[in-house]
Structure formats: structure tokens, C-alpha cells
Amino acid sequence: MQGPLDGYRILDFTRYQQGPYATVMLSDLGAEIWKVEPPGGDPGRASDVSGDGFSRYFEAHDRGKRSIVLNLREPAAVDAALRMAERCDGVIDNYRPGVMDRLGLGYEQLRARNPRIVMVSASAFGSEGPQAGEPGYDVIGQATGGVMTLQALGSEEEPRTLPGGFADQVGAMQACIAMLAGLIAAKDSGQGQQVDVSLLGSQIALQSVYITGYLKDGQQPHMRRRRMPTFTFYQASDRRWLVIGVVDPKNWRALCGLMDHPEWESDERFATAVSRMAHTDELECLLEACFATADRDEWLRRLREADIPSAPVNSYADVEASEQVWSNGYLTEIPDPRYGARRVTGLPWNFSATPGAVQGRAPELNADADSILSECGYSVDEIELLRSSGALPA
């Protein structure tokens, strides 16, 4: 299905998660992704592998791409990559700064072959500064960007990580945004450019509210068990959980009435958001007692009738069963010749004219080498020569 990036092609030198998920999003938007893998493949192929050979890690981060293996230690492989870049609009890598230059695939070499090329490099710490060349993974980004300290429950409490490759996923989104902006600029000017994004920078940008406050008053924020008494989770009588999001005064008024405690609205302890925060423990105890008097579905019905923002706390099974999720395409189904029809995460965007779609399962290693090289002008004999030289592993 045609997407807004239909006709664009991206040369992908990424591995593991930060870079690969950025190109998954570009693929979902319609771009063709040529994934260049080292001999043996992206190390992510070996992560989270189940008994039947399925890697949820690789499938999530590399679906919809085409795969070619190049041994970039061989000059002929580097030349093949440069010829591929001539036919691409963008290049993305997540090596340490300087690695692509040493391989002969830095921005200057790419630009000499294709002046319109946009190169996005996704690193751990950015291209400048004393840590620029240091290695880094998701947990390094979370640690250095401050989010682990933010998640701690107090200044003396241990730091806490966020799950799911959190820094990698946020870094991937920033890399995708960078590529989209670069492609627009190149279309307007006819000239490409080099863009750097990093795990560290992405984590700082993500926490802009908290860091802005710290830069103003010097106070390190920490997480609480509950963010605030009216913007958090509660357990109903059936032991299931729900959340409320009460910030608007009209919603507070409605909640007081719904709880049969209209006097809370004028109680000096709870009358304003500031006073409610100052008396968090008291208000939380009162609300816990109220929510324990009925089951979750009943509370959600009452809250929705009162137009109070609320929701169940869902498990993944609940997410999969949600009509809302399927109605918007946030989950979808794709054919998979190896595993049969398979449910996967869909697109978080809905375009009216160019909707985009999941382009298919993750590629088998090196499955598209011959077709990609043919599209770049290589003859059958030239491809065989690449193989015999070791530039194109079999």
C-alpha cells in the first residue's frame, strides 16, 4: 500500500535497535529500505529467539526491509555500497562516530557520489565532546540522560530503568524525524546534509519538562508511587486497576460528586491542585476507600457518564482484544510464509490519502543481494565476482 514516502529509498547500515526501528518507521511510511548486514548478519537476529527460530527482537526492528550482506573490509564491497547510495535518498547508521569514515562510507564520500544524499548517524553520545567515540546501548542512554535518576522514588533510593529498550526507541523516533526533515530539505534545495542524533540527546529532549524545572530551581525531581492523587491508578473491589486523569477543575468537581463527597470541593486540603498535592497521602487514602466499593467496570461506567477522563489498566491481552486498537490499525495482521498469518504492531499514524502499511516480515539474511545489486547496474558476472572475492558472502 502506498505511503507518504513511496518512491524514497533508504540505505540502512544499522544494527540492534536504535537505528533499525528508525528505518522500520520509514518502511511503514512507504520507503524502500536496503539493509546492509555484516557477514553473519545483524547481531539482533540472535536476540530473543524462540524454539521455532522466531526472533521477536529482529522481527519488531527489521520488518519490511530487504537484506544484503557485504563484507565492508573488502574494497569491492565498499564500492558496491557507494553504488547503492547513488540510488538512495538517505543513509542511516548507528555505529560510533568515525566508523563510517574509516570504512570509506562517511558523508563526504557519499556526497561525492550523490549530492542529494541525507545521512543520519545515530550514536550514543553525539558527534562532539569527550565521550563522542564511546560505545553505548539503551541502558547507557537511560543512565547518562538522567531518566534512571528521575525514576528513582527518592534521592536515597536506587535508580530504576524503563523497559522495552526505552532509550533506543526514543532515539529511533528522533532519527526518523531527522531523516524526514532532511529529505524535505533536500527536496527543496537539491542538496543533502549530515544529521547527528544520539541516545543522550534524545533522553534529554524527552524529559524537557523536568529538566527545564531543574535548570530553573536546581531541584532534582523523582518519581512517586503515584504521580498525583487525581492523576493516577486505583484498585477496584474486584482487584482490577483503573486510572483517572483529573486536572481540570470541572472534572474535580464531578469526581467529588461521583464519590458522594461534594464537601471535598471546598475542603481547604483539596480545593486546589496545589493543596491536593500538599495533602496527597490523605486524599489517596480517601480515594482508595471509595474505589474499593465497586468493581472496575462499574467505576469506568460511572466515570465515563460523568465525562471524567479514565481508563482500565490494560495487559497486552487487553490491548490485543481492544476494538479501539484494531479500529485505528494500531495492531494489524500480515502474511508470513514461515509462521503463517501473524498479528503485529501496526502504524501509529493514519494518513487519509497515503496511508502506508507494514511492508512485510523481516527479511531472511542476504535474501535480496542479487536483486539489489542488479538494480544498481551489476551484471550476473559482476555479482559472481563479488562473491568470489569475499566482498559478497554467500
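1. Tyrosine 234 has leucine 242 of β8 as its bridge partner. β7 and β8 (residues 241-245) are antiparallel and joined by 5 bridges. Strands pair here if DSSP finds at least two bridges between them; strands (E, at least two residues) and helices (H or I, at least four) are DSSP runs, numbered from the N terminus.

2. This is a predicted model, in which local features need pLDDT of at least 70 and side-chain atom pairs count only at pLDDT 80 or more, while totals for chains, interfaces and linings use all residues. Residues are numbered from 1 along each chain as its sequence is written, and side-chain values use heavy atoms, with hydrogens and water left out.

3. The open sheet has 3 strands in the order β7-β8-β9, with antiparallel pairing. β7 (231-235) and β9 (310-312) are its edge strands, each pairing on one side only.

4. Helix α13 (residues 280-291) packs on this sheet and touches β7 and β8, at about 45° to the direction of β7. Helix α14 (residues 296-305) lies across β8 and β9 and runs at about 155° to β9. Axes are lines fitted to C-alpha atoms, for helices over the stretch in contact, and angles run from 0 to 180 degrees between N-to-C directions.

5. Leaving aside neighbours within four places in sequence, methionine 84 is in contact (heavy atoms within 4.5 Å) with residues including Leu11, Trp34, Ile372 and Cys376.
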